[in-house]
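User: I would like to learn how to read the sheet, the core and the surface of a structure. Please show me on an example.

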Amino acid sequence: VSWIRHRDIHILTVGGYTYTSDQRFQTNHHPDDNEWTLQIKWAQKRDDGIYECQISTQPVRSYFVNLSIVGE
């Protein structure tokens with residue numbers, strides 16, 4: 001499972017490994033339901049945009065999330 005930020009096509013995480021130097025991003029795996037989530041600590045307006053959760057199956061499966069930051 002990979003998380004990709006579409007604004008700059010940046011791979012953020014693959015499995016439990018974080019590829020970005022921005023330490024606000026990390027992935028969490030919940031083995032009970034095999035759910036993978038992307039956590040963004042201290043989200044900022046610049047984090048707005050589309051994020052893709054990509055599962056490396058054949059064919060590749062993707063789930064897109066549009067993140068909107070509101071307020072301060």
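This is a predicted model: local features need pLDDT of at least 70, side-chain atom pairs count only at pLDDT 80 or more; totals for chains, interfaces and linings use all residues.

Analyst: Residues are numbered from 1 along each chain as its sequence is written, and side-chain values use heavy atoms, with hydrogens and water left out.

User: What is the order of the strands in the open sheet?

Analyst: Strands (E, at least two residues) are DSSP runs, numbered from the N terminus, and two of them pair if DSSP finds at least two bridges between them. Here five strands form an open sheet in the order β3-β2-β1-β6-β7, with antiparallel pairing. β3 (17-18) and β7 (61-67) are at the edges, each with a single partner strand, so one side of each has no neighbour in the sheet. Between β1 (residues 2-5) and β2 there are four bridges; Arg-5 has His-10 of β2 as its bridge partner.

User: Which residues make up the largest nonpolar core?

Analyst: A nonpolar core is a set of buried Ala, Val, Leu, Ile, Met, Phe, Trp, Tyr and Cys residues joined through side-chain atoms within 4.5 Å; buried means under 20% relative accessible area, exposed over 50%, partly exposed in between (1.4 Å probe, protein chains only). The largest one has seven residues: Trp-3, Leu-12, Phe-25, Leu-38, Ile-40, Tyr-51 and Cys-53. At least two of this core's residues come from each of β5 (35-40) and β6 (49-55).

User: Is Val-14 buried or partly exposed?

Analyst: Val-14, in strand β2 (residues 10-14), is partly exposed, with a relative accessible area of 34%.
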